[in-house]
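Please look over the sequence and the model below before reading on. The report that follows treats the ligand and its surroundings, and then the open space elsewhere.

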Amino acid sequence: MAETREKLLEIKNLKKHFRIDRKHTLRAVDGISFDIYRGETFGLVGESGCGKSTAGRTILRLYDASDGEVKFHGENVHARKSKKELKSFTRSMQMIFQDPYASLNPRMTVKDIIAEGIDIHGLAKNKKERTERVNSLLKTVGLNTEHGNRYPHEFSGGQRQRIGIARALAVDPDFIVADEPISALDVSIQAQVVNLLKRLQKDHGLTYLFIAHDLSMVKHISDRVGVMYLGNMAEIATSKELYENPMHPYTQALLSAIPLADPEVERTRERIIVEGDVPSPISPPSGCRFRTRCPFATDICAKVVPEFQEYKKEHWVACHLYDERYADQMKQ
Ligand code: SF4
C-alpha cells in the first residue's frame, strides 16, 4: 500500500435508504464511515443484503445519498454539479460489475463497448487514434485486436470480465469500484482476474473498492478490509490484522466458515457459528444489529448501539465486548 497515505476518499456517516411504501423504509446503508487511501485496495465484505453493493454505488453517485458525505479528492461527490463537473467526475470513478454479460450491450461490438467512454469524453482526436486506444486496451487486459470485432456472447465469463475491465480503464480513472468482479467466475479463472486487477493497479496507479461476499476472496487483493452487517460497518482493519486477530464476533464467524488447508487444524479448531438469517433491513434489531445471531449477546446489546471505535491502531470495531463502559454488563 502507498506509504504516503493520501486520502482519496472520505466517507462520513453515509446513508442510503429506499422508501418502500408510506410506512416502510429499507435502510440499506445506515451510517458508515471510512477512508480509502490513494493506491490501496479496500475490500468490503458481508453477506448478501448487507448493503455493500449499495454502498459502492452510492459512493460513485449512481445513487443519491440519503444522508452523510462522500469526499473524493476533498470534493463533495453528492454536491450539486454542473454538467461539465459531473462529466469529469464520472471519468475519474468507474465501476466493474459482477455480471459482465448483463452490463455489456449484446448488440455492440467489443471495440464499440470499450470505446464508449472514449467517445463520450472526447479522448481520441480521430478514428485512427480511437482504434489504437481500443487495441492497446484489449492488449492490456490480455485480449487481442481481433476480439474487438466480436460480440459479448462470443466470449467466456472470464473474457467478458476482461472486456468490462478494459471499458472501465478506457477513460483513465483514478478509482474503481469492483462489485463482486470474480464471484460469478470459475475458481480457476478468479485468480487470473485478481492478478490482472493487481497488475493494472500497479501500472496505472489505481485505487480500488473491492466488494465481495466472502472474506477468502478479498484476502489476497486487499490492503485493508471492512466488514459490513445489515447496513452498518462491524469492523475495519488491515488485511493481515483482520485475518489474524478478528475482533467482531461476526468477522470471527465469517472467518471460521472458511475451510483450512491443514486437515488436523481444520478438525480441531474452535468455530464461531452464527445461526439464522440476516434480519430485514426494513426493521433491523434495536441496539447492536448483530445481536439476534451473536453468541455473546447480553441485555445491553439490545439497548445500546455499539460505537465504532479504534481499539487497536488501525483496527476499528463496533462491539460492546471491547468497550470498558460495558465490561460489567457483558459478563452476564
Ligand atoms: Fe455481539 Fe453484543 Fe458485540 Fe453486538 S455488541 S457483536 S451483540 S457482543
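## Basis of the model

This is a predicted model, in which local features need pLDDT of at least 70, side-chain atom pairs count only at pLDDT 80 or more, and totals for chains, interfaces and linings use all residues. Residues are numbered from 1 along each chain as its sequence is written, and side-chain values use heavy atoms, with hydrogens and water left out.

## The ligand site

The ligand is surrounded by 13 residues, and the closest are Cys 288, Cys 294, Cys 301, Cys 319 and His 320; a residue counts as near when one of its heavy atoms lies within 4 Å. By class, this shell has 10 nonpolar, two polar and one charged residue, where Ala, Val, Leu, Ile, Met, Phe, Trp, Tyr, Cys and Pro are nonpolar, Asp, Glu, Lys and Arg are charged, and the others, Gly among them, are polar.

Cys 288 counts as buried because its relative accessibility is 13%, and Cys 294 is also buried, at 17%; buried means under 20% relative accessible area, exposed over 50%, and partly exposed in between, with a 1.4 Å probe and protein chains only. The structure holds zero disulfides, a disulfide being a pair of cysteine sulfur atoms within 2.5 Å.

## The largest pocket

A pocket is an open set of points on a 1 Å grid over the protein atoms alone, where a 1.4 Å probe fits, with protein on both sides within 12 Å along at least five of seven lines, and its lining residues have an atom within 4 Å of a point. The largest pocket is lined by 18 residues, and those nearest its centre are Thr 90, Met 93, Gln 94, Met 95 and Val 171. This lining divides into nine nonpolar, five polar and four charged residues.
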